[in-house]
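Me: I'd like a close look at one part of this model. Could you start there and then work outwards to the rest?

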Amino acid sequence: MTGSVHAALVPHAAAIASLHATGIQAAAGLLLAFPLAGAVILLLGGKRTNSWGHLVGVAMPVLAFAYGVAAFVQMLGYPAAQRSRELTLYQFINVGRFQVPFGLRLDPLSICFVLLITGVGSLIHIFAVGYMSHDPDRRRFFGYMNLFVAAMLLLVLADNYLLLYAGWEGVGLASYLLIGFWQYKDSAAVAAKKAFVANRVGDAGLSLAIMLMFFQFGSVTFTGVFGAAPKASNGVVTAIGLLLLLGACGKSAQLPLQSWLLDAMEGPTPVSALIHAATMVTAGVYLIVRSAPIFNLTPDARLAVAIVGAATLLFGGIIGCAKDDIKKSLAGSTMSQIGYMTLAAGLGPAGYIFAIAQLLAHGFFKATLFLTAGSVKHEMNDEVDMRRFGGLRVAMPITFGAFFCAYLAIIGIPPFSAFFTKDPIIEAAFSKGGVSGALLGTAALIGAGITSLYMTRMLLMTFTGRRRWDEGQHPHEAPPVMIWPAILLAAGSLAAGAIFILGSRLQSFLGPVIGVPPVSHGIFTVYGLAGLALVIAAAGLAWVLYGRREVPAAAPAANPFTVAARKDLYGDAINEGLLMRPGQWLTRLSVYFDNRGVDGLVNTVAAAFGGSSGRLRKVQTGFVRSYALSMLVGAVLLVGTFLLVRL
Amino acid sequence: MSTFPWLTVAGAVPLIGAIAIALTPGRSAAGSPADRRARDLLVKRLALVFSLITLALTIVIAVKFRPGGPRFQFQQVYQWIPQFGVHYAVGVDGIALVLILMSTVLMPVVVLASWNDVEEVAAGATSAAPGKRARRGRSAKSYFAMMLVLETMMIGVFAATDVFLFYVFFEAMLVPMYFMIGSYGVGQRQYAAVKFLLYSLLGGLLMLVAVIALYVYSTHGGHQGTFLFTQLSHLALSPTTQKWLFLGFFVAFAIKAPLWPFHTWLPDAATSAQPGAAVLLVGVLDKVGTFGMIRYCLDLFPSAAHFFTPLVIVLSVVGILYGAVVAIGQADIKRLIAYTSVSHMGLITLGIFAMTSQGQAGATLYMVNHGFATGALFILAGFMVSRRKSHLIADYGGVQKVAPVLAGLFLVAGLAGLALPGLSTFVSEFLVLVGTFTRYEAAAVLATAGIILAAIYILWMYQRTMTGPVRAEVANMPDLKARELWAVAPLIALIVVLGVYPKPALDIINPAVHSTLVGVHSRDPVPPHPASAQARQASTTSTAASSTAPTSTAPTSTAPTSTTSLVQHRRGQRSQTLRKQGSSA
């Protein structure tokens, strides 16, 4: 079945010609220029910009969003087959066959991301004005945030893999700076470095994929690579696909490179919102979907993608259930939701659309969840332990309302977002057929239940029940600058899924770029209904455990499985045991070897010539003479040889 | 082209500056400390002015250089010792030109950065080694004079087109550097200086033998013997002879570079040298080794170069990984930077011996970028060390909080060390890797692992020094002063500019690399499944597309023409040789 799918769809996907960007779109460089200018002004301007820096920081993504909307409107004016437009700003690298333009591509896929990044990103920036108002380094914070947006836009706008890689690593840098923003805390500095290094492992995979592309096709542009890929052997294409997957695992925190995401909560909450909703973790999914013409050729690599996604969606969900820290629980949730997207992307043309639909909807509800969680944390004097929350529904009714909207959206109660975006993924996974289809589908189905379990638990522990906070805390509603972004995002959370899926809007928009599913499913399918039943059952279970009963203020003793989940299913322990400890030993051994082995050998040889190492050290007292002597010897040798030759 | 001897003048200006400095009143002249300070200031200002004049001259040379012209430009050939065919012959190709530019950019930076280092030595030495009268003759005067002498030799070694002249500069460079480390350094400076000298002398002697042998072979067949590079590169040598002579040159360059396992002098020397001297040592002197490889080892001994390529590739890859792992384990910040250089120099030699245009252009660009990036890192580390008076990473912590500008620039320089895109080192590193991959996949894969290690050594160093709670010892550390900022800002700016727009440098380098590849009889591998020519220049349909989606082809018809003309325009500006290369692609 997969064979026929790609036979039908590969040429179609590659068929989209890229025209030159004209009109408003010809200024697509502005999308990068706005946030980059913000970053430069704020980071180089120094203290002078302290008083108004945050306004520049907010204005830049808003301007980029406005431009993105204009470019989007212009795109909608074109016929479906002509919506892919390219723009070369200048020649970036030119060495022999390695010709890389600084080129941007505006097409339906990239514009979706542009609108998500700048739209949701702008709201998060506005929220941060309030959230960071007491931080002395707020200006620097906005500088980094703008840099983040700029890098992410470069990632999704690049028309070739090398430039995509530049944005890719730029995102890594921005996340490093932001996770470690409170770098006077050791834990933040460590988490930042961990995120960067884990990402670098993925980056190495992506850069090897680019090298392999150039080696095979002599090109790294999307047009060139996608055009030539069908000619390459299956092994080559699969290798490229797997290397791209490795890259995606790093950025999107998929197994086995997931461990950085939980620690990344060390950054201020708006950073978490930006990383989880609008940027960064979506990059891996973008990479795979963008590379659809490659993955369409290789069922093996696609299967690997799907397995990684399915495993991560369970892994992240289980961690999400066990965490008492509200932000860490949400981090597990992100891992799990991105797992859905990865799984969908691994299903090929049957899933690409739903991966993107889920990604966009997730941008709304995860942003809402983080902003409301941030508000709660803000009001509770930086407390994040849900066991010390409770009853906040009364104190923060609007925040609770926004959170509740996102809650409905993420667990997929019809007619809200995830119902439309997640059920088709479950459906498509089962439709893949065979053992793998059944397993992937089952994982996705169970994942829906787990999602409901941890989200209901979070909702109940935070907002309902008895107050478990101290007398000294007086939580009340957050200021408008923080509330309004959450309200807007909450509205988006509720509606996004229906807007994208009903009437196949997203499908007809994206179809020309990434292909359309071979069969379309109804809205209510048997798997969808099974999923819904599971969601409701899990919510009920959560109510029994956390709603009906009193939540203890300290985590109770638990069975080994829960303990494992609390420890991130030993992700860090495995890394430490397999990589860090041996790495430390290797490092120490190398240093020792270098001092004693290589250098020791050299000193020994030198000493042998000089008589003893003591003599060697004495050489230094007479060094001028010895140097002069050796020069003399050299000169005599030289002249002597000349004379010999002349004779 | 004008006959004005630009290169000779550019090379002579620093020497004149050194003489001018030597003529200023010395320390023996009696005077109060204020007088002495005034004299030192005069010396430093002279050094700065002369290094800036030299920089201006080399910029003129770069502007007048025509990438599409003959390989060697600004040539001058005079007989020097006619009996032995020795010439004073200078001239630059693109590779030499960018390296000269890199050296002359670094020199004023180093002068500014070293402004107060010499006084500090005097103060530090008394506390470190009481009772030793080691301060004799240590004045700002001779330090800066030696720096300028060294600059003359750096220009000479890159500009020489006579192998004997090259050898003279190659060896003579040791002398000022020896004294800069041995007399003005810190810690075990004399041990380090002697080690540096012995290593270099050993390599130099081997090269001397090979140089003489080359001359001998050039006399065969009754010819007048010569040392001119252009004539020697046409010498027909038997494969066995080539191998021996190659080794003579190569070992000297491998020590200089340094290539693993000849590297152990570098961490000692770079640690013991003042930051300024360390920049010149690692930034410029090391590049003489890799420059020698690409200029002399490949062009003079093509078949031997191919014969030894597997060995060099293995040593390079070992060096990349080994240097990085050992760097991670260092406790001394200057040693750490020195070991990262071992790793990066491995990448450069890897790029050279990959024998592809991407590899060699990347390696050449890397030589330049590494000079700037590591230079900035050494200088900033030096600023930090001069405040806290400790090389040990463990003695720092939380510096970002008290000196944010220093920390910020240090981070940028560090990120250049881990080749972050947007910074210049990324372009060169990726070119090296991609150029290597097309021929030696396994080597490229292993070398790519180095980018993960790079993230670890740079960020861990940054974490331990700059982040975390502010330690009491650094709580009063002042941020960068204006002079220090001015010293390092140009380097950071260059790192960013060349990272975003490397084309001007690549345009100069490409033709020279092409000549080298022709000389060594190597061509870029042809991709097994090349993207169609149209697709490679972007923005048109693939072959598969036109058959299945006829609607999309019609509107594109205008697009390719404009792109193609753009490409042709661009190509038209490049050299004939390059156009040949392009069409064979």
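Which residues point one way from β3(A), and which point the other way?

Reply: A word on ground rules: this is a predicted model, where local features need pLDDT of at least 70 and side-chain atom pairs count only at pLDDT 80 or more, while totals for chains, interfaces and linings use all residues. Residues are numbered from 1 along each chain as its sequence is written, with chains lettered from A and ligands numbered from 1 in the order in which they are written.

Now your strand. Phe98(A), Val100(A), Phe102(A), Leu104(A) and Leu106(A) point one way from β3(A), while Gln99(A), Pro101(A), Gly103(A) and Arg105(A) point the other way. Both sets are buried (20 or more other C-beta atoms within 10 Å of the residue's own; 12 or fewer is exposed, in between is partly exposed, and C-beta atoms are placed from the backbone). Since 9 of the 9 residues of β3(A), residues 98–106, are buried, the strand is largely enclosed by the rest of the structure.

Its partner is β2(A), residues 85–95, and the two run antiparallel over 9 bridges (strands pair if DSSP finds at least two bridges between them). Gln91(A), for one, has Pro101(A) in β3(A) as its bridge partner. The two strands make a hairpin with 2 residues between them, and Gly96(A) in the turn has a positive phi of about 55 degrees.

Moving out to the chain: chain A has 27 helices and 3 strands, taken as DSSP runs numbered from the N terminus (helices H or I, at least four residues; strands E, at least two). Of its 647 residues, 62% are buried. Chain B has 26 helices and 2 strands, and 61% of its 585 residues count as buried.

Each chain has a bent helix to look at. In chain A that's α16(A), residues 352–379, whose 28 residues reach 40 Å from first C-alpha to last, close to the 40 Å expected at 1.5 Å a residue (the expected span being 1.5 Å times one less than the number of residues). α16(A) bends by about 30 degrees at His362(A), the bend being the angle between axes fitted to the seven residues ending there and the seven starting there. 27 of the 28 residues of α16(A) are buried, and just after the helix Asn381(A) takes a positive phi of about 55 degrees.

In chain B, look at α15(B), with a kink of about 25 degrees centred on Asn369(B). Because 29 of its 32 residues are buried, α15(B) is largely enclosed by the rest of the structure. Lys389(B) follows α15(B) and has a positive phi near 55 degrees.

Last, the packing. The largest nonpolar core holds 455 residues, and Ala444(A) and Leu380(B) touch the most other members (a core is a set of buried Ala, Val, Leu, Ile, Met, Phe, Trp, Tyr and Cys residues joined through C-beta atoms within 7 Å). Its largest share, 19 residues, comes from α7(A), residues 186–217. Domain 1 (1–297) and domain 2 (325–343 + 363–559) of chain A both give residues to this core, so it lies between them; the bounds come from an automatic or database domain assignment. Leaving out residues up to four places away in sequence, Leu380(B) touches Leu406(B), Leu409(B), Phe410(B), Ala413(B) and Val488(B), contact meaning C-beta atoms, placed from the backbone, within 7 Å.

Definitions and conventions: Two residues are in contact if their C-beta atoms, placed from the backbone, lie within 7 Å.
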